[in-house]
Amino acid sequence: VVLEAELREAIVKNELQLFYQPQINLKTGQVEGCEALLRWFHPERGMISPAVFIPIAERSMLIEEVGMWVVQETVNQIRRWEQTPLAMLGVSANLSVKELASGRIVDYLADIRNEHPGIERRMELEITESFGVFSDKRVFDALESLHAMGYQLAIDDFGTGYSSLSYLSRLPIQRLKIDRSFISGEDACSNAPLIETIIKLAHTLKYDVVAEGIEQLEQSESLRKLDCEYGQGFYYSRPIPADEFEVWFMQHQ
Ligand code: G
Ligand code: G
Ligand code: NA
Ligand code: MN
């Protein structure tokens with residue numbers, strides 16, 4: 001309860017910040033996008049992970065405030081990168097299914113698109129797969145609306161949730177992100193046939209694949225051989241602040 005009240009304050013007091021992690025085209029080695037990952041710099045407790053405070057925000061409508069802040073800041077960053085070499089990057093923001101179910105974020109993203117024409121082609125929205133969420137009609141309708149507006153949609157942490165194949169094939173999405181536990185987890189080696197199957201499944205459904213959690217060159221090479229389109233992970237870069245990301249980007253080119 002304390003943390004929830006403090007989080008509400010944190011938005012106003014500017015304690016939230018987005019970090020960015022590059023997404024690499026595995027065929028060309030080029031950076032084609034980045035994922036925005038939320039950080040909370042608490043004046044006394046230091047940096048708090050979204051893994052800690054997002055679940056707290058999700059227990060109340062506070063998640064809507066957080067989500068709208070994330071969307072606005074992602075747009076601001078895209079605009080700041082206009083007229084720079086980073087202008088071609090797609091930027092992914094994470095959205096909680098709790099927000100999609102309430103629908104307010106959908107209206108917000110409609111307004112954003114009116115205010116910033118074309119922004120929907122630069123912005124991708126990542127939604128984490130979790131038990132049964134895509135069978136919730138409100139969530140499905142929200143995804144349909146965002147898709148109709150032209151936003152790119154991705155299912156995050158794929159393989160750890162339980163989305164049924166029948167729903168998966170009907171989602172208006174463009175990408176699946178394979179959860180990092182398959183790539184860099186303890187069982188990563190024995191997972192190779194599973195990863196291959198996930199990639200084939202995604203391609204059958206006409207979705208692109210992003211592999212998360214790439215920590216070694218060999219992992220990126222085996223994924224490329226399996227026709228995985230994109231990769232993300234500590235091997236390329238950890239999530240870093242925008243200014244550091246710009247430096248990293250210029251050196252990577
Ligand atoms: O960056 P990493 O530890 O730091 O992220 C931890 C978890 O928090 C991940 O599951 C990630 O998807 C989630 N997360 C990161 N940023 C955001 C965000 O802006 N919104 C939501 N809803 N989740 C986020
Ligand atoms: O749930 P989501 O996929 O959005 O979470 C991203 C999380 O994964 C962040 O916490 C980010 O810091 C973390 N992450 C990104 N790349 C790697 C990696 O190569 N290895 C590990 N262990 N974690 C990673
Ligand atoms: Na994500
Ligand atoms: Mn993920």
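This is a predicted model: local features need pLDDT of at least 70, side-chain atom pairs count only at pLDDT 80 or more; totals for chains, interfaces and linings use all residues.
Local features need pLDDT of at least 70 and side-chain atom pairs count only at pLDDT 80 or more, while totals for chains, interfaces and linings use all residues. Residues are numbered from 1 along each chain as its sequence is written, and chains are lettered from A and ligands numbered from 1 in the order in which they are written.

Ligand 1 is surrounded by 13 residues, a residue being counted if its C-beta atom, placed from the backbone, lies within 6 Å of the molecule. The closest are Leu37, Leu38, Pro50, Asn94 and Ser96. Strand E2 (31–42), helix H2 (50–58) and strand E4 (90–95) each give two or more residues to this shell; helices (H or I, at least four residues) and strands (E, at least two) are DSSP runs numbered from the N terminus. The most, 3 residues, come from H2. The shell of ligand 1 comprises 8 nonpolar, 4 polar and 1 charged residues, where Ala, Val, Leu, Ile, Met, Phe, Trp, Tyr, Cys and Pro count as nonpolar, Asp, Glu, Lys and Arg as charged, and the others, Gly among them, as polar.

Around ligand 2 there are 14 residues, with Ser184, Gly213, Glu215, Gly233 and Phe234 the closest. Strand E6 (152–158) and helix H9 (180–184) each supply at least two of the shell residues. By class, the shell of ligand 2 holds 4 nonpolar, 5 polar and 5 charged residues.

Helix H2 has buried residues Phe53, Ile54 and Ala57 (20 or more other C-beta atoms, placed from the backbone, within 10 Å of the residue's own; exposed means 12 or fewer, and partly exposed lies in between). These three are on the same side of H2, because they cover an arc of only 105° around the axis, taken from the directions from the helix axis to the C-beta atoms. Ala51, Val52 and Pro55, on the other side of H2, are exposed. The buried residues of H2 pack against helix H1 (2–12), E2, strand E3 (46–48) and helix H3 (62–80).

The axes of H1 and H2 are 10 Å apart, at an angle of about 95°. Axes are lines fitted to C-alpha atoms, for helices over the stretch in contact, and angles run from 0 to 180 degrees between N-to-C directions. H1 and H2 are therefore roughly perpendicular (65 to 115 degrees; under 35 is roughly parallel, over 145 roughly antiparallel and the rest oblique). Leu3, Glu4 and Leu7 of H1 meet Phe53, Ile56 and Ala57 of H2, contact requiring C-beta atoms, placed from the backbone, within 7 Å.

Notes
Two residues are in contact if their C-beta atoms, placed from the backbone, lie within 7 Å.
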